[in-house]
Amino acid sequence: MAEPSKPVRPVRFRGGGFKPKPLGILGPIIFAAVIALWELGSRTGVIGALILPAPSEAWVAFEELVSSGMLWKHLSASLQRLVIGWSSGAFLGVIVGLSIGLFSFARAGLVPLVSAIFPIPKIALLPLFIIWFGIGEGAKVATILFGTFFPTVIATYGGVDNLDRNLVRMGQSFGLSWFSIVRKIILPGALPAILSGFRISAAVAIILLVAAEMIGAEFGVGAYILMAGSLMATDQLVAGVALLSCMGLTVAWLISRAEKFLLRWRS
Amino acid sequence: MELSIQSLGHHYGDLEILRDINLDVPAGQIVVIIGPSGCGKSTLLRLIGGLEQPTTGRVMQVGEPPEDSLNPLTYIFQDFALLPWRSVAGNISLALEDHGLGKAKTALIIDNVLARTKLMDFRDAFPHQLSGGMKQRVAIARALAVRPAVLLMDEPLSALDSQTHELLMDDLVELWLREKFTAVYVTHNLAEAVRIGHKVVVLSRRPGLVREVVDIDMAMEVRKARPGLMVEHQQHLWNLMRDEARAAELELVDG
């Protein structure tokens, strides 16, 4: 034991940290605080009405949108494009990503192509899409499809590449068919990566939605925002942008639910 | 069914891994393969089970596997190789699903192997909820479910802590006494080798060739009670391996 003459002190704690904990209520509080500050700024005149409309004004614009019955028209048009474009882009992306993960030919042939086309802003291709698919729904859906396809491909083959090879070997050692190995081992093993790819591709899809609705769209949240912008109706613009944001939140929430359900085997 | 390994040799590119391996695996016996790390013992096991193709030589099946054997050559892996997204029962079911046995028969087999490995209470647990020893028990149950003619065990106890290691070793001995299965058992642990092997094959360092085959005649049920004789065997094996192990230690891993 320590002699009285020697100093005695507790060992300094050096661990902890580096592990963010969920603080459920903090997010909504920050959200509310920002809106409250913004409202306060507008009311007191610190934020000029021309620069940025108050949240309450945007709310009024939103209520008008609801009462006129236009909300549903815009929303349904946008959601339809989003659902068709995203789901077909994601579906094709998973198929192509799996092929790249499984076949040498697909990998050698398609990876350079994917790397070359992925960084091109799909908005830049919009005129071409219009020529190819017409000015109607075709070009809009195609833009979203192309935008979601590439991140899904990359996420999927990344997921296949990261799969524990020994699990595949185990499948072979039990005489599982090729199709069984893909369906029961490779696909579920790549699922976490595919789902986080979906998160990214869904956000990309919403971004591209507005771009796609710039051209020849009568209805749609993007069309509504653009119309508001060209009329300098900033209250409507803010209401529309908030609507997009809500769509993003909803999609993120849906994917979280899907992850919780499909990946419940994770610790 | 027996296995006969005939002048087996294997290369990875220019690197010679195994050279001229000749070995018989008689029915009802456990053949243990030991050797210094990197001597190609796991490669040999993969060649035996047809997961890799040998550069030269061949592995022959002598006699037909029993009628009811679904997967005559069945592996047990060091890292268990359980699917984390399937429950214990689901992991066992994976090995049965491709055989078209029907739901009732599959469930019957699963219940049977779970009972034999004392895993009944863990039927619906997921692998991440299980300890290492339990995971390996599940892998053993999965292997038993397909009624193998020969079990190919790749360091099955090496990933376990020493207490669990002991418990599972006792279980394996008990299992052999009950079912007299045929197995090729790869390990680097000499105590394991003399405990469970009927025949211990000592491989040299790379390129691996058979240095000596040591027969251990003592009946398996009395081995634990006679540690003195076991230590003698173990010492003999260690004498054979020591220089090889030391030389292997000094080699660069990538050759």
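## Briefing on chains A and B

Asp79(B) touches Asn166(A) and Ala159(B), leaving aside residues up to four places away in sequence; two residues are in contact if their C-beta atoms, placed from the backbone, lie within 7 Å. Please keep in mind that this is a predicted model, in which local features need pLDDT of at least 70 and side-chain atom pairs count only at pLDDT 80 or more, while totals for chains, interfaces and linings use all residues. Residues are numbered from 1 along each chain as its sequence is written, and chains are lettered from A and ligands numbered from 1 in the order in which they are written.

**Where chain B meets chain A**

- On the chain B side, 17 residues are in contact with 16 residues of chain A.
- Strand 5 (73-76) and helix 2 (88-97) of chain B are the elements that give two or more residues to the side touching chain A; helices (H or I, at least four residues) and strands (E, at least two) are DSSP runs, numbered from the N terminus.
- That side of chain B has 11 nonpolar, 4 polar and 2 charged residues, where Ala, Val, Leu, Ile, Met, Phe, Trp, Tyr, Cys and Pro count as nonpolar, Asp, Glu, Lys and Arg as charged, and the others, Gly among them, as polar.
- Asp79(B) sits in the loop between strand 5 and helix 2 of chain B.
- Asp79(B) counts as partly exposed because it has 17 C-beta neighbours inside 10 Å; a residue is buried if 20 or more other C-beta atoms lie within 10 Å of its own, exposed if 12 or fewer, and partly exposed in between, with C-beta atoms placed from the backbone.
- The C-alpha atoms of Asp79(B) and Asp20(B), 59 residues apart along the chain, are separated by 29 Å.

**Chain B as a whole**

- Chain B has 8 helices and 9 strands.
- Its radius of gyration is 18 Å, which agrees with the value near 18 Å for a compact globule of 255 residues; the radius is taken over C-alpha atoms, and the globule rule is 2.2 Å times the number of residues to the power 0.38.
- Along the principal axes, the C-alpha atoms of chain B fill a box of roughly 55 × 40 × 35 Å.
- Of the 255 residues of chain B, 41% count as buried.
- Among contacts in chain B between residues at least 6 apart in sequence, 75% join residues at least 24 apart.

**Met230(B)**

- Met230(B) belongs to helix 8 (residues 227-250) of chain B, and counts as partly exposed with 18 C-beta neighbours inside 10 Å.
- Not counting residues up to four places away in sequence, Met230(B) touches Val194(B), Arg195(B) and Arg223(B).
- Met230(B) and Arg195(B) are 35 residues apart along the chain, with 7.4 Å between their C-alpha atoms.

**A helix pair in chain A**

- The axes of helix 7 (residues 165-173) and helix 8 (residues 178-212) of chain A come within 10 Å and cross at roughly 165°.
- That makes helix 7 of chain A roughly antiparallel to helix 8 of chain A.
- Leu167(A), Val168(A) and Gly171(A) in helix 7 of chain A meet Ile181(A), Ile185(A) and Gly189(A) in helix 8 of chain A.
- By class, this contact has 4 nonpolar, 2 polar and no charged residues.
- For the angles, axes are lines fitted to C-alpha atoms, for helices over the stretch in contact, and angles run from 0 to 180 degrees between N-to-C directions; those under 35 degrees count as roughly parallel, over 145 as roughly antiparallel, 65 to 115 as roughly perpendicular and the rest as oblique.
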